[in-house]
Amino acid sequence: MQWIGRDDAFGIRPFVTGDIDQYRQWLQPDQDWHRWDGPYFPKLSSAEVDGVCDRLSTALLDGSYASRAPLERAVIAPMAEPDLMLGTVSWHWESEVSDWWRMGVTVYDPQQRGRGVGTAALALWTDYLFRATDVVRLDYSTWSGNERMLAVGRRLGFREEARFRDARVVRGERYDSVVMGILRSEWLQRGPHS
């Protein structure tokens, strides 16, 4: 198995064609993780999920997925069962002009939440992106009701950089939108990661 980051229990690895069926299942609109990961955005319909999976499958088969450096999306898996998808990590441009990257981490399996998967995945992904690029900073955005995700960032040395009060509505209640960020220099001061 090709890992792009790993610790004793969990790793992140590139997608392979064998992941498509698991990914399709996890993306379905009835999955519990949608309640925590950007629950203010509309969920994909089953047809839209099929489109996402078809595009990923095509990118895996034609080699365009692997040719992207760094990878834009990867699988979180346990070291003991590398074919089991626990979640995914990703990044996208917040501003390409200023080389500003925004990351994401999603733990799909509700049985795995609270067991260190998100912390390990975010640490491994942050380390990978800083090793694979010259980017100066990385951040992620969440909502104030997702206390576990905020705690993960704090545990890893991320700082709260922005708070937009009452900016998100989740299940009829207003929450703040929160951005947690870390600079390359801060991350490197923490020592070896993977």
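**Exercise 1. Find which residue of β5 stands opposite V89, then place the strands around that pair.**

Start with the pair itself: V89 faces V105 of β5. This is a predicted model, where local features need pLDDT of at least 70, side-chain atom pairs count only at pLDDT 80 or more, and totals for chains, interfaces and linings use all residues. Residues are numbered from 1 along each chain as its sequence is written, and side-chain values use heavy atoms, with hydrogens and water left out.

Next, zoom out: β4 (residues 87-95) pairs with β5 in the antiparallel sense over 8 bridges. (Strands are DSSP runs of E, at least two residues, and helices are runs of H or I, at least four, numbered from the N terminus; two strands pair if DSSP finds at least two bridges between them.)

Then check the hairpin: 4 residues sit between the strands, and D99 has a positive phi near 55°.

**Exercise 2. Work out how β5 (residues 100-107) sits in the structure and how the chain gets from β5 to β6.**

First, burial: 6 of the 8 residues of β5 are buried, so the rest of the structure largely encloses this strand. (Buried means under 20% relative accessible area, exposed over 50%, partly exposed in between, with a 1.4 Å probe and protein chains only.)

Second, the other partner: β5 and β6 (residues 137-143) pair in the parallel sense over 3 bridges. Here R102 stands opposite D139 in β6.

(Right-handed: with the strands pointing away from the viewer, the path from the first strand over the helix to the second runs clockwise.)
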